Amino acid sequence: MASNTFSAAFVRTSDGWSGAEIDLSEAEIVDDLGDAVTEALGLSGDELALLCVEVEDEWFAIARYRGEEEPRVFLSDAHAILSHPLGELFAEFAGVAPDKEGNSLGVRPAGDFELLSDLGVSSEELLELSMEEGMLPADILSVIAERLSFADELDRLR
């Protein structure tokens, strides 16, 4: 996988957040993403875990895992994902049909916009950040990490 892909998972513990970088180069199906998160973080039960992926300066995805709950995902741009194998996985995860016509007029976020609302980032804010002109995926993830109090862990892993 290209070095311009960054993926890390974070788990919320009683002491705050803890993170680990994750290699998703072997991921072939959506379930592989969750397995990688569980393995990297040593999850055992109902912990809340977030997988953050940024690909080049194109797009980012956040997946949310918690125990037996159905995993949820937010994708910053359903158009930008086609050029990357991970993008296709995240599109499938988000229930987005790839737009092969190349209708890439503007950014098109997809998936679960409410993904982080109970943690303090509303769907409106998540959409606003994703659509903001000139903001890179890494910058947006930093803002989100700051709001959710795992910015230090994110910076450490980067």
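What follows is a short chat about a few spots in this model, which is a predicted one.

Me: Let's start with the rings. How many aromatic pairs are there?

Reply: The count comes to 7 aromatic pairs. Take Tyr65 and Phe93: their ring centres are 6.5 Å apart and the planes sit at 45°, so this pair is tilted.

Me: Where do Tyr65 and Phe93 lie?

Reply: Tyr65 is in strand E4, residues 59–66, while Phe93 belongs to helix H2, residues 85–94. The pair therefore ties together parts that are 28 residues apart in sequence.

Me: And is Tyr65 buried or exposed? What about Phe93?

Reply: Tyr65 counts as buried, since its relative accessibility is 11%. Phe93 counts as buried too, at 16%. The cut-off for buried is under 20% relative accessible area.

Me: OK, what kind of pair do Phe90 and Phe93 form?

Reply: That pair is stacked, with 6.4 Å from centre to centre and 20° between the planes. Phe90 and Phe93 are 3 residues apart in helix H2, so about one helical turn separates them. Both of them are buried.

Me: Switching to helices. How do H3 and H4 pack?

Reply: Helix H4 covers residues 137–148, and H3 packs with it at an angle of about 155°, the axes being 10 Å apart. Angles over 145 degrees count as roughly antiparallel, so that is how H3 and H4 are described. Their crossing is right-handed.

Me: Which residues make that contact?

Reply: From H3 you have Glu125, Leu126, Leu129 and Ser130, and from H4 there are Ile140, Val143, Ile144 and Arg147. By class, the contact of H3 with H4 has 5 nonpolar residues, 1 polar and 2 charged.

Me: Now Val121. Where is that one?

Reply: Val121 sits in the loop between strand E6 (110–111) and helix H3 (123–131).

Me: Is Val121 buried or exposed?

Reply: Val121 is buried, because its relative accessible area is 1%.

Me: What is Val121 in contact with, leaving aside its neighbours within four places in sequence?

Reply: Its contacts are then Leu116, Leu126, Arg147 and Leu148. Leu126 and Arg147 also turn up in the contact between H3 and H4.

Me: How are Val121 and Thr38 placed relative to each other?

Reply: They are 83 residues apart along the chain, and 24 Å separates their C-alpha atoms.

Me: Last topic, the backbone. What is phi for Glu56?

Reply: Phi of Glu56 is near 45°, which is a positive value in a residue other than glycine. Most residues other than glycine have a negative phi. Glu56 lies in the loop between strand E3 (48–55) and E4.

Me: How accessible is Glu56?

Reply: Glu56 is partly exposed, with a relative accessible area of 37%.

Me: And what about phi of Ser149?

Reply: Phi of Ser149 is near 70°, again positive in a residue other than glycine. You'll find Ser149 in the loop between H4 and helix H5 (151–157).

Me: Is Ser149 buried or exposed?

Reply: Ser149 counts as exposed, because its relative accessibility is 59% and the cut-off for exposed is over 50%.

Notes: Residues are numbered from 1 along each chain as its sequence is written. This is a predicted model: local features need pLDDT of at least 70, side-chain atom pairs count only at pLDDT 80 or more; totals for chains, interfaces and linings use all residues. Side-chain values use heavy atoms; hydrogens and water are left out. Helices (H or I, at least four residues) and strands (E, at least two) are DSSP runs, numbered from the N terminus. Buried means under 20% relative accessible area, exposed over 50%, partly exposed in between (1.4 Å probe, protein chains only). Contact means heavy atoms within 4.5 Å. Rings of Phe, Tyr and Trp (its six-membered ring) pair if their centres lie within 6.5 Å; planes under 30 degrees apart count as stacked, over 60 as edge-to-face and the rest as tilted. Axes are lines fitted to C-alpha atoms, for helices over the stretch in contact, and angles run from 0 to 180 degrees between N-to-C directions. Angles under 35 degrees count as roughly parallel, over 145 as roughly antiparallel, 65 to 115 as roughly perpendicular and the rest as oblique. A crossing is left-handed if the near helix is turned anticlockwise from the far one by less than a right angle, and right-handed if clockwise. Ala, Val, Leu, Ile, Met, Phe, Trp, Tyr, Cys and Pro count as nonpolar, Asp, Glu, Lys and Arg as charged, and the others, Gly among them, as polar.
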